[in-house]
Amino acid sequence: MNILVLGVGNLLMQDEGVGVRALEALEARFLIPPAVELLDGGTAGLELLNQLACRDALIIVDAVNSGRPPGTVVRFEGEQVPAVFRKKISPHQLGISDLLAVARLTDLLPQHVVLFGVQPAQLGTGLELSPQVAGVLEEVTLLIALELASFGADLVPKSAAPAPVLTPSGKGAPPVRLSCRLPA
Amino acid sequence: MTTRITIDPVTRIEGHLRIDCEINGGKVSKAWSSGQMWRGIESIVQGKDPREVWLYTQRICGVCTTVHAIASVRSVENALGMEIPLNAQYIRNLMVAAHAIQDHLVHFYHLSALDWVDVTSALKADPKKTAALAQNSSSWPLHSTQVFSDAQQRLKAFADTGQMGIFTNGYWGHPAMRLSPEVNLLATTHYLQALEVQRKANMIVSILGGKTPHIQNLAVGGVANAINTDSPATLTMERLYYVKTLIDDLGKFINEVYFKDVCAIGAAYADWTAIGAGVKNYLAVPDLPIDGKGIACLLPGGYLPGGDFAKFHPIRSLQDEYFQKGVHESVKHSWYQGEWTRHPWEEETKPEYTDFQDNGKYSWVKAPTFYGQPAQVGPLANVLVMYAAGHEPTRKYTELALNTVGSQLGQKLSVDALHSTIGRHAARAVRAAVLYEALQSQWHNLIENIGTGDAKTFVRPEFPKGEVKGVGYHEAPRGVLSHWVVIKDAKVKNYQAVVPSTWNSGPRNGQDVPGPYEASLIGTPIADPQRPLEVLRTVHSFDPCLACAIHLTDTEHQEIVEVRAA
């Protein structure tokens, strides 16, 4: 498996940058295996097309307005993902929506597409996440790690201390609160 | 009767630009350009280490990350009076030229061609006739009947999913669309091929810059690329030769496809050479420096007031004070406190939102001026300025474009035809061809310089006690970009970015003179106010992108095309 984890968002606008912050947290905590690439996509769109080529799976992490309380994490997969961006509930709807459409048109869309979205609380100018979103960063990080494990890419913690053991089956998964819901 | 139309947002990529027009007797009589988001990068970098600021500024915009990084390191280098290694200049030049080519290809095919090309009509074309037409005018290899037939099938399948996605903003069947089904299929097929080709330009930036969209190899004082022709971890000859093949591939597409498509569309819509001129004061800065201080540049810059070649004033180097002294910004019609007009080093950024006031404040974008006048920036300004400066490659490709379109129309076209909506597209294609030659020359410069045994890529910046000021500018894909920095005791004291879309999309200035978008729309004929395709054609021809001019404040932003009678 060749997997791209794409953090999307603008680091200069607080919670807008949660996708990129989640990748930083993931990299700080785990050794990333060669089959996985973490990419800070910023607020780019079509420029990312090249990065989708030859991937088996794409995991996008972004701020997503799902109308739920700040810090709520939602997970979408497959056909749901382009629909989220088409419905404009992510601030990057246009760039990523175009990217996914064009990737499909050129047969570059990976077979598996998953989106983790975090409900933002503050979108002002600034480098800091809001407390509500900062508080779920660990949860998001572990959810990405679990997702990667489900694709057969096990992440090894950098320090043995509090980190959970992750396996492909998800057994031995960390005791985190999953606020992650699938939409109806 | 006056009809008022509001188009919001105008761009399909990021950015929140609102255009209001008053239409009288089938023509635009008044126009307002309004940025609907607020930008506050300046406050974020205050107090930061000037060597790190580029890492933040490349986040101002999602599309133009590289250009804000380049302008930022140049501003600090300018403040310190630095001379940077030749290898660093060449590597930067390769990155910015490749980035610009990628931008121009994507702008033409993916962001604006659908204003002129009707995809639904392409579905009715005869692929065989299309192939004959294409092979007659171009040596591009991907012009077989099979290629066009495949492209048509692919489009049909895509259309059948009911998710036209990227194509949804098209005004299909609009009376202002006039290409034949075959030409529509040709252009749409190139739309698909350009998606592949733009990836190659992107790869050049990735290989040299470490990663895209956010390059990692820049540094105040040079670049962080280690050059070692033997070590695989560095910039090796193998990688550099791979870059060369990518450059060659880009050249074929630019010369055999992009350039010719733009000429064909220019000939089919020749009336648009008389529409959309607007502000004819053109400003471009020199770029692609080929010495350490940025004194000699491959591409000339200058100011062309009124489009008059006799009044051309050159901007000679990255240090030229003529540019530094000429730039001011006004907030009289912008949502900031006061009504001041100031030099960027003296500015402050204090927002003050009112509602949309036709005669008062109505935009988050400030209004820049050059020696008191609004100025148009972008590829058209760049090409006209380089033409005026006698830049040979620019003259060659400009003549080629004018002659190609002229022969299709059976008339002689002068450079005046470029002061127009279609002229902006033509200039962008000319610029892409010029940049392709520059890529080749910079690649050779780099290889030859490494061949002399020079592997230096970086010199360490030294910050003095006290205050220094600098400006870094860059002729970005959308035009003149300048970053203005004030450094005190090795920390950023003030920072302003005057971005290309600010020059073009700015509101009325301190003297109430309209900005380039606004002026360019006056007199534009509107066939159907309910579907104002003509307004979009002109605004899109500037390659609008407001992600950096302004900032997001409203995630629930509604997409509206509002039309009302007044």
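The model is predicted: local features need pLDDT of at least 70, side-chain atom pairs count only at pLDDT 80 or more, and totals for chains, interfaces and linings use all residues. Residues are numbered from 1 along each chain as its sequence is written, chains are lettered from A and ligands numbered from 1 in the order in which they are written, and side-chain values use heavy atoms, with hydrogens and water left out.

**Sheet in chain A**

- Five strands of chain A form an open sheet with mixed pairing, in the order β3-β1-β4-β6-β5. Helices (H or I, at least four residues) and strands (E, at least two) are DSSP runs, numbered from the N terminus.
- The edge strands of chain A are β3 (36-42) and β5 (73-77), each pairing on one side only.
- Neighbouring strands of this sheet are turned by 20 degrees against each other on average, direction ignored.
- Strands β1 (residues 3-8) and β4 (residues 57-63) of chain A pair in the parallel sense over five bridges. Two strands pair if DSSP finds at least two bridges between them.
- A:Leu6 stands opposite A:Ile60 in β4(A).

**Helices on the chain A sheet**

- Helix α1 (residues 18-29) of chain A lies across β1, β3, β4 and β6 (112-118) of chain A, at about 130 degrees to β1(A). Contact means heavy atoms within 4.5 Å.
- Helix α6 (residues 137-150) of chain A lies across β1, β3, β4, β5 and β6 of chain A, at about 170 degrees to β6(A).

**Helix pair in chain B**

- Helices α4 (residues 86-112) and α13 (residues 421-451) of chain B pack at about 155 degrees, with axes 9 Å apart. Axes are lines fitted to C-alpha atoms, for helices over the stretch in contact, and angles run from 0 to 180 degrees between N-to-C directions.
- α4(B) and α13(B) are therefore roughly antiparallel (over 145 degrees).
- The contact of α4(B) with α13(B) has 16 nonpolar, nine polar and two charged residues. Ala, Val, Leu, Ile, Met, Phe, Trp, Tyr, Cys and Pro count as nonpolar, Asp, Glu, Lys and Arg as charged, and the others, Gly among them, as polar.

**Strands in chain B**

- Three strands of chain B form an open antiparallel sheet in the order β12-β11-β13.
- β12 (341-342) and β13 (367-370) of chain B each have a single partner strand, so one side of each lacks a neighbour in the sheet.
- B:Ser330 stands opposite B:Thr341 in β12(B).
- β15 (residues 479-488) and β16 of chain B pair in the antiparallel sense over seven bridges.
- Six of the eight residues of β16(B) are buried (under 20% relative accessible area, 1.4 Å probe, protein chains only).

How values were computed
Angles under 35 degrees count as roughly parallel, over 145 as roughly antiparallel, 65 to 115 as roughly perpendicular and the rest as oblique. Buried means under 20% relative accessible area, exposed over 50%, partly exposed in between (1.4 Å probe, protein chains only).
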